[in-house]
Amino acid sequence: MPVQSIHLPSRKWSVVALSSVSLAIVFVSYLLAFVVAVAFLLLPFVLFVLVPVGEGNLFFIRLLVSAFGLAVGLSILWSLVPQKNRFDPKGVPIDLSKERRLAREIEAIAEALREPMPTEVYLLADANAFVMETAGFTGIDNRRIMGLGLPLLQMLSIAQFRAILAHEFAHYYSGDTRLGPWVYSTQRAMVRIFENLGRKSKVLRFLTRWAVVAVLYKLLMIAMRAYWRFFLRVTQAISRRQEFRSDELACYVAGSQALIEGLEGVRRCQLGLQPYWGMFVWPAATSGYQPALADGFLRFMQTPQIAKAASEFLAQQAAVTKSLPFDSHPALSKRTEMAKLLNLPAPEDSPAESTSSQPMISLIGNLASLEASLLKKLIPAAATADLKPLNWETAGTDIYIPMWRKQVAPFLSMLAAKKLGELPTLVLNLRALAIYVPNPPGVRLNPSQQDADALNVLTSAFALCLLENGWKLIAEPGNLVLESGEAKISPSGVIGTIRAGKLSAAEWSSFCEQRGIGDWPLVSSVPAPAAV
């Protein structure tokens, strides 16, 4: 990537103005909180020194209000004390000295924007990328940190990922990362004030039993909520302007079309990430297997049903034309619209970099080791286990069938008399089963969580019923179905359709009658051998 040919726009005064406004609101927020705290702490002095002391109820009310003032003032001051938060990137470090192809891409973007390289780069499981700066109390040990999402590395091309990298480096270039920690610290301080006052200490809980203190407390919280909303509106509006500025710089460095495709790719990945981990990665890891995370995600996203859902989700996102007041990022449509208006071409690749259409993940050589470290960091149950390589051809036998049997086992007696044709009745009257869902150790499930677990039990029982009657399980990322001849059934899909009211009991009965499966027992009282 030839950085010499890139001409960057001049640093705009609007960026300086936005930074000044951010710093001003940070200063005003701390000052206002301090003034409010001091005012409350002075209430005893005002009520008992400046105002003549009375007797009876008036004296008692002054005493209550004074105690309230001391409690509130001390709570606010304590909340303003800076707290050193341990940084957790929720990822694993990438050694750029060993991953030189990836390092060269990052170095090229850094040089294009005339910025120093990050001191630490992390591989994340999230469909995101970020940059930040942290500094010690001396301000000398400054750390530039970058996070790169594994799903994006897999799904975006080198050209598209360059645009995402350029966008992140633009936050360094514009000074956003130097300002960000101040804004974040202010937000955390205000959250601590809400937590310390909102949850009510024993003192505040005792004092608010009297109406006069309860009224003062309510007025205080109303005023604080109003300022909190004002603070968020201003800082999030500034954040959206910063995102636009970073998008503009990314267009200059990597091209408008690459940025548009990169932003759209991020949204697609965000849709698929949670179901991929929940349905495939988590069961594999907790069963003692190490899946190929990036390759599995690619296969998951390429299945027809997931690809269709991702396209529909992207279309919905593109139809949103206005950001909400508390959104930190502009609407996707506005970002792509600005990139199209700039209409900047991508710099021409040098001969050595003619593979920009290849996935960005191709630049990482030690991928398997990084994926293993990432999985063990994110799933504690796998941290000390000796995980075996996962073969998706045998995933059904190795992972899903044992998992389903374990889920169904506590409910065998309740489901033993049920037939497959009765499935809609069970799904639509879920509470009859959900009330028997046991609570995990130390956790009390709410009704919606019980319902979700009951649905999982029915899904597992449905799948096992088909398996025990000769159906074959096809288990791979994005495709978990059972088939018999030309017939294919997704147990979770069928149950979800019934739950949503899109498949009636009569339609399911007709389906079962055509295939002769309606009278099959939903569960077998004797565990059957594993099927493939």
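Helices (H or I, at least four residues) and strands (E, at least two) are DSSP runs here, numbered from the N terminus. The model is predicted, so to read it: local features need pLDDT of at least 70, side-chain atom pairs count only at pLDDT 80 or more, and totals for chains, interfaces and linings use all residues. Residue numbers start from 1 along each chain as its sequence is written, and side-chain values use heavy atoms, with hydrogens and water left out.

Helix 5 (150–155), helix 10 and helix 11 (293–302) each supply at least two residues of the lining of the largest cavity. A cavity is a set of points, on a 1 Å grid over the protein atoms alone, where a 1.4 Å probe fits but cannot get out; lining residues have an atom within 4 Å of a point. There's one cavity of 30 Å³ or more, and the largest cavity holds about 50 Å³ of space. Volume is the space filled by probe spheres set on the points, with grid points joined across faces, edges and corners. Its lining is made up of Ala125, Leu150, Pro151, Leu273, Tyr276, Trp277, Leu293, Ala294 and Phe297.

A pocket is an open set of points with protein on both sides within 12 Å along at least five of seven lines. Of the 30 lining residues, Pro283, Met403, Gln407, Asn456 and Ser460 are the closest to the centre of the second largest pocket. Helix 19 gives the most to this lining, with eight residues; helix 10 (256–286), helix 15 (395–408), strand 8 and helix 20 (491–499) are also among the elements supplying at least two each. By class, the lining splits into 20 nonpolar, eight polar and two charged residues.

**View C. An open antiparallel sheet of three strands, in the order 7-8-9.**
Strands pair if DSSP finds at least two bridges between them. Strand 7 (472–476) and strand 9 (487–489) are the edges, each pairing on one side only. Strand 7 and strand 8 (residues 479–484) pair over five bridges, and Leu473 stands opposite Leu482 in strand 8.

**View D. Helix 19 (residues 447–468) lying across strand 7, strand 8 and strand 9.**
Helix 19 runs at about 35° to strand 8. Axes are lines fitted to C-alpha atoms, for helices over the stretch in contact, and angles run from 0 to 180 degrees between N-to-C directions; contact means heavy atoms within 4.5 Å.

Terms used:
Ala, Val, Leu, Ile, Met, Phe, Trp, Tyr, Cys and Pro count as nonpolar, Asp, Glu, Lys and Arg as charged, and the others, Gly among them, as polar.
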